[in-house]
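Dear colleague,

Please read them with the coordinates open.

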Amino acid sequence: MTDLLRAEGTAPLRKVLETKNMELNFGPQHPATHGVYRAVLTLDGERVVGIESIIGYLHRGIEKWAEYRTYPKATPVFDRLDYVGAILNCHGYVGAVEKLMKVEVPKRAQYIRVILDELQRIANHLLWLGTHALDLGAMTVLFYALREREVIMDLFEAMLGQRLLQNAYPIGGVRLDFPKGWDRACRNFLAEFPKRIDEYETLLSANRIWVQRTRGVGVISGEEAVALGLSGPTLRGSGVYFDVRKAVPYSSYEEFDFEVPLGERGDVYDRYIVRVREMRQSVRIVQQALDGLPEGPLMPEKLSKIIRPPAGEAYFCVEGTKGMLGFYVVSDGTDKPWRLHVRAPSFVNLQGLERMCVGGLVADVVANIGSLDIVLGEVDR
Amino acid sequence: MDWNSPFMLTVGLPLLKIVILLGVVAFCVAYTVWLERRLLGFFQSRVGPNRVGPAGLIQPIADGLKLILKEDIIPTNARPFLFRIAPIFAVVPAFAGFAIVAFAPPAGPRASFLISDANIGILYLLAITSLGVFGIVLGGWASGSKYPLFGSLRSASQMLSYEVPLTFSVLSVILMAGSFRLDDIIQAQGKLPFLVPLILAFGVYVISAVAETNRAPFDLPEAESELVGGFHTEYSGMRFAFYFLAEYANVVLVCCVATSLFLGGYKIPFLPYETLLAAHPWTVSLIGLAVFAVKAVAFLYFYIWIRATFPRYRYDQLLKIGWKVLLPISLLNLLLVAGIKLAMLR
Amino acid sequence: MTIGWILLSLMIALCALGVVLARSPISSAISLLIGFVGVAILYLALKAEFVAAVQILVYAGGILVLYLFGIMLTDNEALRLTRQTHLQAWPVFVLILVLFLAVGHKLYHSDYTPQQPARLLMLTDQSQVQALQNRLAQEAGAAQHATNPQRVARVLYGDYLYPFEAASVLLLVAVLGAVFLAKKDV
Amino acid sequence: MPGALNRLVRMVTFPELASGLAVTFKWFRKPKVTEFYPDARPVLPYRTKGRLHVEIETCISCRMCEKACPEDCIKVYPPPKEVFKTDKRPAQFYISLEHCIHCGMCVDPCPTGSIHHSMEFELATYNKDELLFNKETLPYDLAIKHFRQGLLENVEQKSP
């Protein structure tokens, strides 16, 4: 140290004893980044002073890929965007093409889509809940959540033949009606599920450790959230009333009675509680859709076998599991999209991470990433 | 062989006991891992490991074999010497702590179920376990990587913080029993386990013991979601197994100590052990051993139950609880116990 | 026993040298750790189990970890490059030698009675030793069954209560001072 | 004041932690949900999209499936022109399960229902070559086809 002191000459002692910030590479192989997300954290002790997101490890060029496929052929690839909310991605893309072609989806197909969409939302939120809880150390919730998700996966498999990447909807409607007995199985699940949510809330919402870990962590105000373009539960956790299902109803969502849960403070706890309440609302929606399921065809009658939308463009967005999931399709009149762009909510929501993390601790970074519910397939595309 | 020869009494018998104890403890530790995984599975609505042997009973052996056969990787940035010896620093104190645990009433003058009847017993235990932190600190630092460094820093501050309330809660037991000897403490609980009068100290002990052994909800040093693996991120193979062994040996030790200090050890309340012991020494001894085991496993079950239920605390919250909640409570408790003891003496 | 004592003393001395001479601060710390453990064993050999346990508990388990803590957080490369021996070393060495000889002389000429090592280790004044021995003779019957910690307690909270309390007040002041220094905005 | 007292009592007695422990203990006693897969075969629903089966006998080489496949994993070689007039069965038929994503898009346009998913789901092999199926090696089980097509819509699912 003496040499150091001598070299500094008359520099004040504080200057000599200055502490250095530490750079910590967080990811891409990190258990809490939910995929191959990488963040370079600048740390002062355990306090985060800077965070730089580095993405692209899962970039597969899905948008470009779709431009080389005909419209129907491109459907299954969007399942691979947000692979835990595949049905909603499919709905977004199919809806955009339908809008481009001005096809009216039959009422029954719309209802079936609502049922499957909401089940998918529950499945996604369950997986999110499990992993988020695991990030914060509550490992049992993961297994309980996966147990319930398994039931939904079974429902999907019975209905669509696949569990995770279902290729759920063809352009125009839905392929097949519910198999026999599906309705009852689904109702059984819906009757049982709210009790299970109560159990999660007993394990987490009421738990003082959970509250201490999440309350006041990663606070983002409503104005900031809007300015950053956040959407979905991440935005609603900050108390902003925006839900695509309410704002721009699609697929008959205007016919269902449900609430949009809102947070108050915009912290991790609020984002958590919004998602948990959303699951309850999804249960309500599915119940209503099952009760009021209209009879009728599943596919529109006049739909040509070769899909060739007129030249033009269309933007269609659904309330995805992570937020506003938009598909922008430009057609030049051929059977392949000329340009296709996805407004991926995970990608946009990731912008809020810096605002949430700076000033917090390393452990809070984990909580914040978890509360954003990002899926890297969607971020990188 | 002459069991009464001076050599046997001073060297042979203790050595034999140590070897047996080490074997038994290693076995218990391995099956603690198995028990934990099975119980966690049950708590989580699944079955846990059940493929290797009946009910997965051979799983620990399979795991151990796998770890021994794995490549022993030493990272480029590591300080090789320290990196190699750090796990030993962790394992030795964990196992050495068992030396003073009295598992059962002695069946005869030379057939006691403990290795050292040291009159500073519990103090020795505290001293030895406080050395365990070196394995973690040195291992984390010697890895030459940031996550282990964080893990070991957290671990060091955590263990230092929680040692204080732990010591205070143990002190209240010592006050009650009036001795450092573990056997005296157990004898003092002949009628009533200390759990009842010292419920506050027991609470503090449980919480700080969980924190001291780095287990959920205080498993910050190895919080896998934040620090990947904490201090042993860079370890693999046998050296990792050493850390693993040390952690679970500490868990078993804490269970044994809790049983001795608060749950009455091998005693069943109001059972006159002394008179029975004179009549059937071995039977009573073995019954005492079984009672001890049952109590320890019950405590272990609680340990695992907690792990299955609660989220993890944050680092700063953990320290805050240690210093701002547990320390005052344990001090208060100590004062209370001292006051009661004083009043009783008068 | 004597051979064991010599080996132990040599080990402690070597560790002490290692603490001062080692280039890397971590090596110093580990030497210190082994030295502490050696001293603890020495205490054990002198039948001062309580002091031995406290030695490990406080010095090895507590203070040394804090040292390590500090060392780990510093830039080790910079430390390795800086010169660590100074001109003061020689006068200090002479001073220590004188001190060592003085203490050794004193110890050599005191009539050391190994019956009560733990208590006598704390005393240097001959008259005090005498007084203590007298009282011990009176208490011999009572102290026969007293354990080592009890005896230490009797000394600490009996004969030396006021110095002990004074020391604890001093420590409290030190703690407060440390908190004051460590807190950024008081 | 009662509120504060209540809070204090709650803070000291950990009621919410106890109820959390109660939840985990409840599931500790209940039967487990784990499926013992290799020992107990899973009961799959009839719509499961497993390995593709092709009934070469009824195939008319129309190549609709080939066109519909988003991953281009199907390749159909129609027979020579003179043969095609009498016998429309393909000269060669390749399916690469290496690329197949089990999306079911080849099944929809098939006019004869010759290509369909089976309920086989254990598709792992030791050799990539084994994943490329041709006319001779394409697995095909008429019973499964009849089973699926005849019973598909009126057999009740196992209730999840």
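Predicted model: local features only at pLDDT ≥ 70, side-chain atom pairs only at ≥ 80, totals over all residues.

On the side of chain A that touches chain D, α4 (71–78), α7 (139–160) and α8 (182–203) of chain A each supply at least two residues, and α7(A) gives the most, with 10 residues. By class, that side of chain A has 15 nonpolar, nine polar and 13 charged residues.

The contact draws 37 residues from chain A and 37 residues from chain D, and the area buried between them is about 3200 Å², with carbon and sulfur atoms giving 54% of that area. Of the area that chain A buries against chain D, 20% is supplied by A:K73, A:K180 and A:R208, which is more than any other three residues supply.

Elsewhere in chain A, an open sheet of three strands runs in the order β1-β2-β3 with antiparallel pairing; its edge strands are β1 (22–26) and β3 (47–54), and the twist averages 20 degrees from one strand to the next. Helix α16 (residues 362–372) of chain A lies across β1, β2 and β3 of chain A, at about 30 degrees to β1(A), whereas helix α5 (residues 146–177) of chain B packs on the sheet by touching β1 and β2 of chain A, its direction making about 110 degrees with that of β1(A).

With best wishes

Methods:
Residues numbered from 1 in each chain as written. Chains lettered and ligands numbered in written order. Heavy atoms only, no water. Contact = heavy atoms within 4.5 Å. Buried area = accessible area lost by both parts, 1.4 Å probe. Helix = DSSP H or I, 4+ residues; strand = E, 2+ residues; numbered from the N terminus. Nonpolar A, V, L, I, M, F, W, Y, C, P; charged D, E, K, R; others polar. Pairing = 2+ DSSP bridges. Axes fitted to C-alpha atoms, helices over the stretch in contact; angles between N-to-C directions.
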